[in-house]
Amino acid sequence: MTDDSILDSRYSWTRLGITLAIAIVGNVGMWAIIVIMPAVQAEFGIARADASLPYTLTMVGFALGNLVIGRAVDRWGITTALIGAALTIAAGFGLAAVSGSVLVLSAMHFIIGFGTAASFGPLIADISHWFYRRRGIAVAIAASGNYLSGAIWPMLLAGILNDLGWRAVYTVLAVVPVLLILPLSLLLRRRVPEAATAHATRMSAANAKSVSFSPTALQWMLGVAGVGCCVAMAMPQVHIVSMSVDLGYGAAGGAQILAVMLVGGLISRLAFGVVADRLGGIPTLLISSSLQCLALFLYLPFDSYAALMAVSLVFGLSQGGIVPCYAIIVREYFPAREAGSRIGVVIRATIVGMAVGGYASGLIRDLTGSYDMAFLHGIFWNAVNIAVMTAVLLSSRPRAPAVA
């Protein structure tokens, strides 16, 4: 096999399968606190906003981790990053299991979030180097590990949570990353040949895009857009379990709604990956973001269990394409050698949005007694995302070929 033919090859798809398996395990750090949030609130006797603090610190650590680990991947490769991340996640969950206050628990979730980051942005950046023609669907599949993790782990851990409590859940999660991520990460030691990267760069040149903004300005605009879409996304994803408890459906009922939402997100993530291969990153992002905004409006008039299940499915089917598109956009507008760090910066912005949105939604609920204003808050930020990305799209143009 020649260096250029390795792109979109059988090995590329095998590597994608391993990447997906790692993502399913590693992203448990994002979802565990959502499921145990009502139990944490009850044990420590705190308000909903305070119970959201561990999630917020998870997202802060996740944001920082995507930036730092993304740069580490560019320099040392994905395997080294994943080994360190697995040990970090295990230590975080182990210490969180014996925490005596919500502040200590939150601090441990910063560590968990930092380690979990390796299973999202850095993995997506790594797999993007192994595909050219099917990069959109490959990135979508890798990113879907996040949603699969959220759909699978809450259901697997529900019995332990009900029988033994949230600390037992965290003890289990302190062991799982070491047992599963470490051996899988060793299968990703192979680095993409430089000749293959150069070949992809040559193929991309004919379709390269640029904007009237400087690279720095474009990076900032993508960051603002990332914050906006994910402040909106955080309201249902972070609080649907707690909202279900408020409405009398229990944490188990809320976990089922969350699982349906994330299965919908998985389907849409894959579907929008196919769309991105045809339309490009920004048009696909705008379609998904617009549908997410419409879905958020549907939460306002309905609160029955069946209605929440249906609306959450619609929400999941709408928004799954947003975050993976940022990786595709970065590959369309920036050099391949900058992919890890550039994608890490944008993913960090999306996670900041999730952190801010998760905490703000809990605070708004405490202040108003319901989540209605929190949904409207998310809709506003969703509109910001649409406005910024529309501006980028309107300023886009084919990049002028280099002069010999």
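The largest nonpolar core of this predicted model has 126 residues, and Phe 93 and Tyr 170 have the most contacts inside it. Helix α12 (residues 215-246) gives the most to this core, with 14 residues. A nonpolar core here is a set of buried Ala, Val, Leu, Ile, Met, Phe, Trp, Tyr and Cys residues joined through side-chain atoms within 4.5 Å. Buried means under 20% relative accessible area, exposed means over 50%, and partly exposed lies in between (1.4 Å probe, protein chains only). Helices are DSSP runs of H or I with at least four residues, numbered from the N terminus. In soluble globular proteins, nonpolar side chains tend to be buried together.

Residues are numbered from 1 along each chain as its sequence is written.

**Residues in and around the core**

Contact means heavy atoms within 4.5 Å. Not counting residues up to four places away in sequence, Phe 93 touches Val 28, Gly 29, Ala 32, Ile 112, Tyr 170, Leu 173 and Ala 174. One of these partners, Ile 112, is also among the buried residues of α6, together with Val 102, Leu 105, Ser 106, Met 108, His 109, Gly 113, Gly 115 and Thr 116. The cover over the buried residues of α6 includes α1, α2, α3 (48-51), α4 (53-76), α5 (78-96) and α9. Helix α6 (residues 102-116) has 15 residues and should span 21 Å at 1.5 Å a residue; its end C-alpha atoms are 20 Å apart, which agrees. The expected span is 1.5 Å times one less than the number of residues.

Gln 237 is found in helix α12 and counts as buried, at 3% relative accessibility. Leaving aside neighbours within four places in sequence, Gln 237 is in contact with Trp 31, Ile 34, Tyr 147, Leu 258, Met 261, Leu 262, Phe 315, Gln 319 and Met 354.

Ser 268 is placed in helix α13 (residues 250-279) and is buried, with a relative accessible area of 3%. Beyond four places in sequence, the contacts of Ser 268 are Gly 316, Leu 317, Ser 318, Gln 319, Gly 320 and Gly 321.

On the surface, Val 263, Ile 267, Leu 313 and Leu 317 form a nonpolar patch with about 300 Å² of accessible area together. Such a patch joins nonpolar side chains (Val, Leu, Ile, Met, Phe, Trp, Tyr) within 5 Å, from residues with over 30% relative accessible area and no salt bridge. Areas come from the Shrake-Rupley method with a 1.4 Å probe, and only the protein chains shown count as cover for residues. Both α13 and α15 (305-319) supply at least two residues of the patch. Leu 313, in helix α15, is partly exposed at 33% relative accessible area.

Helix α16 (residues 322-333) reaches 17 Å from its first C-alpha to its last, close to the 16 Å expected for its twelve residues. Twelve of the twelve residues of α16 are buried, so this helix is largely enclosed by the rest of the structure.

**Salt bridges**

A search of the whole structure finds four salt bridges. A salt bridge is a side-chain nitrogen of Lys or Arg within 4 Å of a carboxyl oxygen of Asp or Glu. Among them are the following pairs.

| Pair | N to O distance |
|---|---|
| Arg 15 and Asp 126 | 3.2 Å |
| Arg 167 and Glu 43 | 2.6 Å |
| Arg 365 and Asp 366 | 3.4 Å |

Arg 15 in helix α1 (residues 10-26) and Asp 126 in helix α7 (residues 121-128) are 111 residues apart, and their pair links distant parts of the chain. Both Arg 15 and Asp 126 are buried. Arg 167 lies in helix α9 (residues 166-173) and Glu 43 in helix α2 (residues 28-44), so this pair ties together parts that are 124 residues apart in sequence. Arg 167 is partly exposed at 26% relative accessibility, and Glu 43 is partly exposed at 42%. Asp 366 also counts as partly exposed, at 30%. Salt bridges that share partners join Asp 246, Arg 365 and Asp 366 into one network.

**Trp 13**

Trp 13 lies in helix α1 and is partly exposed, with a relative accessible area of 35%. Not counting residues up to four places away in sequence, Trp 13 touches Asp 8, Phe 131, Arg 134, Ile 137 and Ile 141.

Terms used:
Predicted model: local features only at pLDDT ≥ 70, side-chain atom pairs only at ≥ 80, totals over all residues. Heavy atoms only, no water. Patch = residues over 30% accessible without salt bridge, like charges linked within 9 Å, V, L, I, M, F, W, Y side chains within 5 Å.
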